[in-house]
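Trainee: Please take me through one part of this model in detail. I would like to look closely at the nonpolar core and what surrounds it.

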Amino acid sequence: MANNQDLFDLFHRKLREMWFAEKKIHASLPKMAKAAQSDALRAAFKKHEAETQRQMSRLGTIFGLIDRSAKEEASIALTALLDECMEAAVKFKNSSALDAALIAGAQAVEHHEIACYGALKAWAGQLGMKEATGLLDETLTEEKDTDEALTQLAEDMANPKARKDDDESRRRAHRSASAA
């Protein structure tokens with residue numbers, strides 16, 4: 001039995017998934033900002049919350065360009081990535097590794113978005129949707145910039161703090177064991 005779906009149908013489905021994704025991310029970012037220990041990470045999450053709002057607006061424009069309503073389709077992958085990120089926030093609460101865990105979770109989400117927006121941009125180009133291609137490229141660039149900013153935060157602040165505190169804990173445990 002033949003399937004009559006084509007590249008446009010795939011594009012539309014992925015667009016609906018990203019509409020769902022951006023709404024879920026937008027709802028999760030304030031919680032991630034509240035959980036963050038450092039002001040720099042809190043500010044990064046708040047900045048991305050504003051970017052996410054603009055990305056949702058761009059998606060709405062694309063839905064209009066293809067004459068479809070902005071209807072969401074659940075993304076199992078994104079839901080799992082966000083759940084994992086929020087679970088890390090609970091598991092590492094009050095830990096020196098909390099910000100590193102939040103960054104790792106946020107980057108997993110960013111990598112998923114980069115893959116999806118890259119595919120959408122390519123498909124829009126193949127379908128001759130120049131305006132949609134430009135809008136998707138703008139979002140793709142923002143997602144890559146966010147990923148780079150999170151990497152920089154991890155390298156400059158979160159990972160070294162977690163490592164330093166871990167090293168101190170190990171030295172205290174070694175001294176305690178040696179004294180016994």
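Mentor: The largest nonpolar core holds 41 residues. Within this core, F11, L15, L41, F45, L102 and L120 touch the most other members. Keep in mind that the model is predicted. The largest share comes from α4, with eleven residues.

Now take F11. Leaving out residues up to four places away in sequence, F11 touches I62, I66, L120, W123, A124, L127, M129 and L136. One of these partners, L120, is itself among the core members that touch the most others.

Next, α1. D6 caps its N-terminal end. A side-chain oxygen of D6 lies 3.2 Å from the backbone nitrogen of F8. Further along, α1 has a kink of about 30 degrees at S28. What about the length of α1? At 1.5 Å a residue, its 29 residues should span 42 Å, and the end C-alpha atoms are 40 Å apart, so the two values agree.

Finally, go to A35. Its C-alpha atom is separated by 7.7 Å from that of K93. Along the chain, A35 and K93 are 58 residues apart. K93 sits in the loop between α3 (76-91) and α4 (98-126). Is K93 buried or exposed? K93 counts as exposed, because its relative accessibility is 58% and the cut-off for exposed is over 50%.

Note on methods: Residues are numbered from 1 along each chain as its sequence is written. This is a predicted model: local features need pLDDT of at least 70, side-chain atom pairs count only at pLDDT 80 or more; totals for chains, interfaces and linings use all residues. Side-chain values use heavy atoms; hydrogens and water are left out. Helices (H or I, at least four residues) and strands (E, at least two) are DSSP runs, numbered from the N terminus. Buried means under 20% relative accessible area, exposed over 50%, partly exposed in between (1.4 Å probe, protein chains only). A nonpolar core is a set of buried Ala, Val, Leu, Ile, Met, Phe, Trp, Tyr and Cys residues joined through side-chain atoms within 4.5 Å. Contact means heavy atoms within 4.5 Å. The expected span of a helix is 1.5 Å times one less than its number of residues. The bend at a residue is the angle between axes fitted to the seven residues ending there and the seven starting there. A polar contact is a pair of N or O atoms within 3.5 Å; within protein, one must be able to donate a hydrogen and the other to accept it, and residues adjacent in sequence count only if both atoms are side-chain atoms.
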